[in-house]
Structure formats: structure tokens, C-alpha cells
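Biologist: Could we go through this chain together? I would like to start with the overall picture and then turn to particular side chains.

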Amino acid sequence: MADKYGLGEDFDIYELPKQYTVKSRKAPVEEKKAKRKITLSPVSVVFFALVFVLFASLVYNYTQINELTVDKNRMEREIVTLKEENAELAVQAERKLDLVAIEKIAESRLGMVKVKKTDVQYIDLSQSASIQAESAESENENSVENLLSSIAGSLSVILGYME
């Protein structure tokens, strides 16, 4: 093969005979991988199962934490709303406890009238131990008799209590 490439020299002497050709090293490695079976020991299976369970429990715990955080935030917002409502109700209660407002409600809704000084009667309780309603006619009749009977009734009640 003289001048196969047009260089003017014969390079056939540098070519290896077919019996000495170099095979690619990748082919035997790929054949070994294809032939090799993956075998897992029971310890490694248990380890992978344990890792999977731990990962699943971790994800579950994060979801629980997230749900609880959402509930906490919702309740905090509700507390703020209730505090604002409570403050408004306290202001309304203060307004309703105002004496002028109470007086207006008593006069307009309930039909009450302010007491005049002439409508007030004072009773002297220093003389007798009981109060009796008397009409103008029987004011003087049997007042001593009534007084003695009321005292006797009171004494009988006291003696009955002591026994």
C-alpha cells in the first residue's frame, strides 16, 4: 500500500496486524454490569424501610405543625376581634350608665316621674317596733290595743324561736 494517503511514504509498516488489534475496554465493563445482579441484604432492606418511615413521619409532623399554626393564627385574629368588640361594649355600657341617659329612659320608656318634695312623707320609727298602714278614719281607734297585740305577737315569735 504505497502512498495510500498521498503522502509519499508507505505507512503500512506501522499498522498492526488484525490479530493484534486493541479492543475497547468499555465493552467488557458494560458486559459485567449487564451480567451482575443487584442483591440487597435484609439489613439494607430494613434500613431503607426505616428511612422511608422516618421520612413519612417527618412529612406528617410538618403537616400537623402547619395545621396547628394556621389554627393558632385564626384564633389570635379572633381574640383581637373579640377584644375590639369588648372595648366597644364597654364604651356602650359607660354611655348607658350615665345618669342623664338613665333618667331619659325612665321618663320616656317607663313613664316614671321625678319625685317632688311634697310627695315625700317621713315616718318616725323610734316610738314603735312595727309599721302599720292606717287609714285616716281608724287612726285613733284601738291604737293602744293594736300596739299591745303586735308586741305580744313579736314576743311569742321570739319565744318560739328560742325553744
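Modeller: The discussion below moves from the whole chain to individual contacts. Please note that this is a predicted model.

Biologist: Which elements does the chain contain?

Modeller: The chain has four helices and zero strands. Read from the N terminus, the order is α-α-α-α.

Biologist: What is the mean pLDDT of the chain?

Modeller: The mean pLDDT is 77, and 65% of the residues reach 70 or more.

Biologist: Which element has the lowest mean pLDDT, and which the highest?

Modeller: Helix α1, residues 26-35, has the lowest mean at 58, while α2 has the highest at 95. Where pLDDT is low, the predicted coordinates should not be read in detail.

Biologist: What share of the residues is buried?

Modeller: Of the 163 residues in the chain, 2% are buried. The chain exposes about 16,500 Å², and carbon and sulfur atoms supply 61% of that area.

Biologist: Let us look at S44. Where is it placed, and is S44 buried or exposed?

Modeller: S44 belongs to helix α2, which covers residues 42-96. Its relative accessible area is 19%, so S44 counts as buried, the cut-off being under 20%.

Biologist: What lies 2.7 Å from a polar atom of the S44 side chain?

Modeller: That is the backbone oxygen of S41.

Biologist: Changing topic, which residues form the nonpolar patch on the surface?

Modeller: The patch consists of I38, L40, V45, F47, F48 and V51. Together these residues have about 650 Å² of accessible area.

Biologist: Now the charged side chains. How many salt bridges are there?

Modeller: The count is three.

Biologist: Which residue pairs with K72?

Modeller: The side chain of K72 meets that of E76 in a salt bridge, at 3.7 Å from N to O. Both residues lie in helix α2, four residues apart, which is about one turn of the helix.

Biologist: And how accessible are K72 and E76?

Modeller: K72 is partly exposed at 46% relative accessibility. E76 is partly exposed as well, with a relative accessible area of 39%.

Biologist: Which residue does E78 meet in a salt bridge?

Modeller: E78 meets R74, with 3.8 Å from N to O. E78 and R74 are also both in helix α2, four residues apart, or about one turn. E78 counts as partly exposed at 41% relative accessibility, and R74 counts as partly exposed at 39%.

Biologist: What about E103; which side chain does it meet?

Modeller: E103 meets K114 in a salt bridge, at 3.4 Å from N to O. K114 lies in the loop between α3 (99-108) and α4 (143-162), whereas E103 is in helix α3, so the pair ties together parts that are eleven residues apart in sequence.

Key:
Residues numbered from 1 in each chain as written. Predicted model: local features only at pLDDT ≥ 70, side-chain atom pairs only at ≥ 80, totals over all residues. Heavy atoms only, no water. Helix = DSSP H or I, 4+ residues; strand = E, 2+ residues; numbered from the N terminus. Buried < 20%, exposed > 50% of the residue type's maximum accessible area, 1.4 Å probe, protein only. Polar contact = N/O pair within 3.5 Å; in protein donor to acceptor, adjacent residues only side chain to side chain. Areas by Shrake-Rupley, 256 points an atom, 1.4 Å probe, with all protein chains shown as cover. Patch = residues over 30% accessible without salt bridge, like charges linked within 9 Å, V, L, I, M, F, W, Y side chains within 5 Å. Salt bridge = Lys/Arg side-chain N within 4 Å of Asp/Glu carboxyl O. pLDDT = per-residue confidence, 0-100.
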